[in-house]
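Below are my notes as numbered points, to be read with the model open beside them.

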Amino acid sequence: MRDFLIAGNWKMNGSSAANEALLAGIVAGVPGGSGFSLLVCPPYPYIASVAARVAGSAVKVGAQNVSEHESGAYTGEVAPSMLADLGCEYVIVGHSERRAMYGESSFQVAAKFQAAQAAGIVPILCVGETLEEREAGTTESVVDYQLGAVLDAAGIAAFAKAVVAYEPVWAIGTGMTATPEQAQDVHRHIRAQLSKKDADIAAQVRILYGGSMKGENAAGLLAMPDIDGGLIGGASLKAKDFLAIAEAAARS
Ligand code: PGA
């Protein structure tokens, strides 16, 4: 049985004061029950203070990006070991905003995935198609390519300590959520692709949905057999909204 992971991707939002208010609300409102974990991924400068703030609570800390290099002359980059040092358990790699705006290739994403794991951090590998790709009927081949780059580099065994996030680009920040059925189709496909390599690993890997997930649609998405949580942007910035999704996970 796979536990749900409800992960907040704060993106480039927050301040010391806003983070404190958000985390106070989240920590105080963590739903009872089991079968889910909560994660917040703040911008780099706040990771240490967020980790200190949530210490001892049910909320874990992750990062939104990481360097594929271990250390050295990479101005402006952050090493996986530094994230581990600060208490990050997870790191998002290959978010569509990084692929589209910062030119990250699937090969670079694969290198980041491996570097994170080498530092003991669980990568959350984001994959997903644009609207044009969906309309052209290429959703599965796009996802296969993005997943395949990591499978080729890291091998299926690496997925025993990884999370996949299916994030259709057209649903991110647009309010246009994939229907539970649309999401489930792609989640099932991703699991089937992994299953061709190793059925046991495929059965235990968590596949999150991301793209305008909120309290109102979370229960329907989480009820799908291959949806194991959410990667949440906008709705992770208000405690009430994030907790509504957590509650759907606790009930589902
Ligand atoms: P959204 O973002 O929930 O605001 O659509 C999700 C994401 O980009 O991870």
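A residue is taken as near a molecule if one of its heavy atoms lies within 4 Å of it. Please also keep in mind that this is a predicted model.

1. **The ligand shell.** Which residues come nearest to the ligand? There are 13 residues around the ligand, and those that come nearest are Lys 11, His 95, Glu 167, Gly 173 and Ser 212. Sorted by class, the shell holds 7 polar, 4 nonpolar and 2 charged residues.

2. **Polar distances to the ligand.** A polar backbone atom of Gly 173 is 2.6 Å from an oxygen atom of the ligand, and a backbone N or O atom of Ser 212 lies 2.7 Å from a ligand oxygen atom. For Asn 9 the side chain is involved: one of its N or O atoms is 3.4 Å from an oxygen atom of the ligand. How much of the ligand does the protein bury? Taken alone, the ligand exposes 280 Å², and the protein buries 95% of that.

3. Lys 11 and Ser 212 both belong to the group that comes nearest to the ligand. Phi of Lys 11 is near 55°, a positive value in a residue other than glycine. Phi of Ser 212 is likewise near 55°, again positive and again in a non-glycine residue. Lys 11 sits in the loop between strand S1 (4-9) and helix H1 (16-29), while Ser 212 is placed in the loop between strand S7 (206-210) and helix H10 (215-222). Is Ser 212 buried or exposed? Ser 212 counts as buried because its relative accessibility is 17%, and the cut-off for buried is under 20%.

4. **Cys 41.** This residue is part of strand S2 (residues 36-41). With a relative accessible area of 0%, Cys 41 is buried. The C-alpha atoms of Cys 41 and Gly 8 are 5.8 Å apart in space, although the two residues are 33 apart in sequence. Beyond its neighbours within four places in sequence, Cys 41 is in contact with Gly 8, Asn 9, Trp 10, Lys 11, Gly 62, Ala 63, Gln 64 and Ile 92. Two names on that list, Asn 9 and Lys 11, have already come up: Asn 9 for its side-chain distance to the ligand, and Lys 11 for its positive phi.

5. You will find Glu 129 in the loop between strand S5 (122-127) and helix H6 (131-135). Its relative accessible area is 0%, so Glu 129 counts as buried. Which side chains make polar contacts with the side chain of Glu 129? One is Arg 134, at 2.7 Å, and another is Tyr 166, at 2.8 Å. Leaving out residues up to four places away in sequence, Glu 129 touches Arg 134, Thr 139, Val 142, Tyr 166, Glu 167, Pro 168, Val 169 and Trp 170. Glu 167 is also one of the residues that come nearest to the ligand.

6. **Glu 133, for contrast.** Glu 133 lies in helix H6. At 26% relative accessibility, Glu 133 counts as partly exposed. Its contacts, not counting residues up to four places away in sequence, are Thr 138, Thr 139 and Val 142. The C-alpha atoms of Glu 133 and Val 169 are separated by 9.8 Å, and the two residues are 36 apart along the chain.

7. **Aromatic pairs.** How many aromatic pairs does a search of the whole structure find? The search finds 2. One that I would look at is formed by Phe 113 and Phe 159: the pair is tilted, at 5.3 Å centre to centre and 35° between the planes. This pair links distant parts of the chain, with Phe 113 in helix H5 (residues 106-118) and Phe 159 in the loop between helix H7 (139-154) and strand S6 (163-166), 46 residues apart. Phe 113 and Phe 159 are both buried.

8. **Gln 117.** Helix H5 also holds Gln 117. Gln 117 is partly exposed, with a relative accessible area of 22%. Apart from its neighbours within four places in sequence, Gln 117 is in contact with Pro 123, Ala 158, Lys 161 and Ala 162.

Definitions and conventions
Residues numbered from 1 in each chain as written. Predicted model: local features only at pLDDT ≥ 70, side-chain atom pairs only at ≥ 80, totals over all residues. Heavy atoms only, no water. Phe/Tyr/Trp six-rings, centres within 6.5 Å; stacked < 30°, edge-to-face > 60°. Helix = DSSP H or I, 4+ residues; strand = E, 2+ residues; numbered from the N terminus. Buried < 20%, exposed > 50% of the residue type's maximum accessible area, 1.4 Å probe, protein only. Polar contact = N/O pair within 3.5 Å; in protein donor to acceptor, adjacent residues only side chain to side chain. Contact = heavy atoms within 4.5 Å. Areas by Shrake-Rupley, 256 points an atom, 1.4 Å probe, with all protein chains shown as cover. Nonpolar A, V, L, I, M, F, W, Y, C, P; charged D, E, K, R; others polar.
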